[in-house]
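Here is a short note to read beside the model. Please keep the structure open and find each element as the points mention it.

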Amino acid sequence: MPLTLTRPDLQRQHNFIANAWHDATDGRLLPVSDPATDTVFAHVPDSAAADARAAVDAAHAAFPAWRALTGRERAQYLKRWHALILAYQDDLGRLISREQGKPLAEGRGEVLYAASYVEWFAEEAARSHGEVIPEPVRGRKMLMVKEPVGVVAAITPWNFPAAMIARKIAPALAAGCTVVAKPAEDTPLTSLALVRLAEEAGLPAGVLNMVTASRERAAEVVDVWLADSRVRKITFTGSTPVGKHLVRESAATLKRVSMELGGNAPFIVFEDADLDAAVAGLMAAKFRNGGQTCVCPNRVFVHDAVHYDFVARLSARVAALKVGPASAPDSQIGPMINARAVDKIAAHVADAVERGACVVTGGERLAALGANYFAPTILVGVDAGMRCTQEETFGPVVPVTRFEHEDEVVAAANDTPFGLAAYFYTRDMARAWRVADRLESGIVGINEGALAAEVAPFGGIKESGYGREGSRHGLDDYTQMKYLCQGGLG
Ligand code: ADP
């Protein structure tokens, strides 16, 4: 089915460098396919080192003038960008659904979510306060001001092609940084469309630059940015192994880094929980984007006393989920992003079953729909030795483990190198604060399954990374402190 947009020019197929649209210097192309059918429907540049360098040249040249603007002046550009994103939310939602596979309603929802970060950081741009420090000796004035770090390289994943770009670019631009960005190879079109709208918002040349590349050439592009001392910061969302590689390589030029990496979120249902609320929370948290989010519950712990009841209520909801292409209006779960993703999900389910878990519902590929579909699945009898509890499955699979005691389940929840999101349901107030305090996680949902919001600090601890996106702290990742001391004041 052809992709029809009210603004066909939003489907860009070029790199954006210094406010001009370019092919890759060596002319290579990266095909973009619809995960629902695996058919190619667009091409973008498969960029190389020369393109990455040209992007840094442009961002570096644009930095002095951009940082010299006041926060309020920079905010005007972001506000115009925000208005354009809202104006074309349907087109952007359609692009997301086509290249990423999430149902259209979710695609539109993601656009609004992305826009909320642009609006938030437009507002925060004028609020990058420093501080006046009481002087310890007479005759001096001391203060701290915040400055933009410089050129920022942003590398984003495929699961939220609009939101991940907005969450990085909006605070960087608000703080006075200029940006070079590389979206994920599976979903470059949404990101390029956002850049097209930023161009239309009047951003000066070089302030925002984007190059696209295949998975094979991603390292070639990013290695240029890692090695270039003009790039002062790397902001990354993606897998932990790639994140660790970027941290290691950025050490040579001591860049600042923000890393939003993998999670292994626990979801705990205590015996005193409101079970209907817990089921609703799990459905929202687990099945958003077909289970392909880094805050999706990956390990579900249910107290012995309510296990049977909870699984029964949950399986009624899961079995009723409608799986289908993003283009079908009633789809609730779309295709997974690619064959690699479905293979991993199938391997996790097979491993769990081999080690003694039972499938309550689902458990198999939905080949009749296409190669990338997997049935929403519940597994019971899951234990800590199974792959699905040790690694992120990143798919529509709910692995359920039973527990008896609070101490035992908190220890099990924390028994992972990761610490991004955690959820639990209880009606006992004392327990709520006790457990929230003990969970090793950057984000904790207490009787709530939908946690992300532009007003709140999103980010992890342990091997889930560092840095926070959103909230009044979000600008800090893109600023550095300068201490000023004036003496001789008598
Ligand atoms: P996923 O497994 O979900 O695709 P990745 O961490 O592999 O997550 O990808 C996230 C982003 O990192 C994508 O933009 C991808 O192109 C990029 N990427 C992947 N490998 C490398 C690498 N070796 N160097 C730099 N960037 C990479």
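1. The largest cavity. This is a predicted model. Its largest cavity is lined by 16 residues. Those nearest the centre of this cavity are Pro266, Ala413, Phe418, Gly419 and Glu440. Two or more lining residues come from each of strand 12 (265-269), helix 13 (406-414), strand 17 (418-419) and strand 18 (421-425). The space inside is about 80 Å³. By class, the lining has 8 nonpolar, 5 polar and 3 charged residues.

2. The search of the whole structure finds 3 cavities of 30 Å³ or more.

3. In what order do the 7 strands of the open sheet lie? The order is 14-15-16-13-12-18-19, and the pairing is mixed. Strand 14 (358-361) and strand 19 (443-446) are the edge strands, since each pairs on one side only. On average, neighbouring strands of this sheet are turned by 25° against each other, with direction ignored. Strand 12 and strand 18 belong to this sheet, and both also give two or more residues to the lining of the largest cavity.

4. Strand 15 (residues 377-380) pairs with strand 16 (residues 397-403) in the parallel sense, over 3 bridges. As an example to locate, Leu379 has Pro399 in strand 16 as its bridge partner. Helix 10 (residues 307-319) packs on the sheet and touches strand 12, strand 13 (297-303), strand 14, strand 15 and strand 16. The direction of helix 10 makes about 160° with that of strand 15.

5. The chain as a whole. The chain contains 14 helices and 22 strands. Along its principal axes, the C-alpha trace spans about 75 × 60 × 40 Å. How does the radius of gyration of the chain stand against that of a compact globule? For 490 residues, such a globule would have a value near 23 Å, and the chain has 23 Å, so the two agree.

Technical notes
Residues numbered from 1 in each chain as written. Predicted model: local features only at pLDDT ≥ 70, side-chain atom pairs only at ≥ 80, totals over all residues. Heavy atoms only, no water. 1 Å grid on protein atoms, 1.4 Å probe; cavity = no way out; pocket = protein on both sides within 12 Å on 5 of 7 lines; lining within 4 Å. Points joined across faces, edges and corners; volume = space filled by probe spheres on them. Helix = DSSP H or I, 4+ residues; strand = E, 2+ residues; numbered from the N terminus. Nonpolar A, V, L, I, M, F, W, Y, C, P; charged D, E, K, R; others polar. Pairing = 2+ DSSP bridges. Axes fitted to C-alpha atoms, helices over the stretch in contact; angles between N-to-C directions. Contact = heavy atoms within 4.5 Å. Rg over C-alpha atoms; globule rule 2.2 N^0.38 Å.
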